[in-house]
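Please open the model in your viewer and keep the selection panel at hand.

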Amino acid sequence: MDEVYLVVVRVLIAFFAAGILSFALTPPVKRLAHRIGAIDVPKDARRMHKKPIPRLGGLAIYLAFVVVCILFAEKSVQNLTIFLGSAVIVVLGIFDDRNALGAKFKFCIQLVAAAIPVVFGNLRIELITNPNLLSDNLYLEFGVLSIPITIIWIVAITNAVNLIDGLDGLAVGVSAIACMTMLAVSLLIGEIEIAILLAALAGSCVGFMPYNLNPASIFMGDTGSTFLGFMLATLSIQGMFKVYAIISFAVPFLILGLPIFDTAFAILRRVLSGRSPLSPDRGHVHHRLMDMGFNQKQAVAILYAIATVLGLLAVVLTTSGELRAIVLVAVVILTIVIGGGVYLSSSRQKMRRHEQQLQEELQKREQHTDFPEQKS
């Protein structure tokens, strides 16, 4: 009982300390963004804001997280390599928020950052539960492929969180929900040290949110979104993928389901249209919700709800038997398919209504041109 109490106290201290520090650091970071010119100027249809807003807010999240981890987290070699990789990501983000770096260059640096904990910290996805229930092998072992697979996972989640950072408070809120879910799972499976890291990361997100919710006074920028993606990816490997049960396959994908789905859909959409997968567009989930008539706060609330439901399902998987877990995963997949169908159907109907309105306006103009009013 005393051990449980101490664990809860450590988690709460890490969470609130990071939250208070992140909240306190954001105003000076905002002033720094103005000083160095890290400003997001609305210049295309993808941006939802109408006036210039400072970026670089992720630096406050990063600094709060690092300080709390220095004070409360375990000083292992693996953790140190994760912190070093995240520092590379943050430095890259700072330059990108200031100068808008090229996508290919950023991708190469992200590969280097991901390789640091994988190569030097032995952070690897070595096996998962075999999704083929008819197979006699309980686990799929990756062997030497564990290195590239882990690096791909880290870079993919890093960019996935970055891609959903399109509305005020969206990426930081979804990341906070993912952190809280992974925190709950970590406590359930006894990964206390990982839980401390997740509590610090969640607190850092929550402390920044008052400045980032609509109407936002500062954005995370790539500094924050790529840092959060990197940390969520590495911490999921430390905790979720090391559990030798069915949750090792399903839980990380459920917790990070929203950014994973949006990224996969974006890549597929761009490739099918003959464009580069790295090219930006206005077809992300949050853009589509806005096009359906929702305002920013409503769209963000909907995506928060989806992330929360997926997180709760992940927690249920952690505490349930394998058969129930399989049923829950099937229900989730079915819900996504049905929801996706309804969503696409609604988008098509809106496009048809818009086309009909344009045709009616053209017809009225033609009629007005063919039958001008007679002057007296």
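Predicted model: local features only at pLDDT ≥ 70, side-chain atom pairs only at ≥ 80, totals over all residues.

Residues are numbered from 1 along each chain as its sequence is written, and side-chain values use heavy atoms, with hydrogens and water left out.

Colour next by secondary structure, and the protein chain shows 13 helices and four strands, these being DSSP runs numbered from the N terminus (helices H or I, at least four residues; strands E, at least two). Of its 376 residues, 46% count as buried, a term that stands for under 20% relative accessible area, with exposed over 50% and partly exposed in between (1.4 Å probe, protein chains only).

Now select helix H1 (residues 2-36) together with helix H7 (residues 192-212), whose axes come within 7 Å and cross at roughly 30°; axes here are lines fitted to C-alpha atoms, for helices over the stretch in contact, and angles run from 0 to 180 degrees between N-to-C directions. H1 and H7 are therefore roughly parallel to each other, since angles under 35 degrees count as such, over 145 as roughly antiparallel, 65 to 115 as roughly perpendicular and the rest as oblique.

From H7, move on to the loop between H7 and helix H8 (221-239), where Pro 215 has its place. The peptide bond from Asn 214 to Pro 215 is cis, with omega near -5°, whereas most peptide bonds are trans.

Select Asp 96 next, which is found in helix H3 (residues 77-99) and counts as buried at 7% relative accessibility. If neighbours within four places in sequence are left aside, Asp 96 is in contact with Leu 101, Lys 106 and Asp 222.

The loop between H3 and helix H4 (103-120) holds Ala 100, which has a positive phi of about 55° although it is not a glycine. Is Ala 100 buried or exposed? With a relative accessible area of 58%, Ala 100 is exposed.

End at Asn 122, in the loop between H4 and strand S3 (127-129), where phi is again positive, about 55°, in a residue that is not a glycine. Asn 122 is partly exposed, its relative accessible area being 45%.

Technical notes. Contact = heavy atoms within 4.5 Å.
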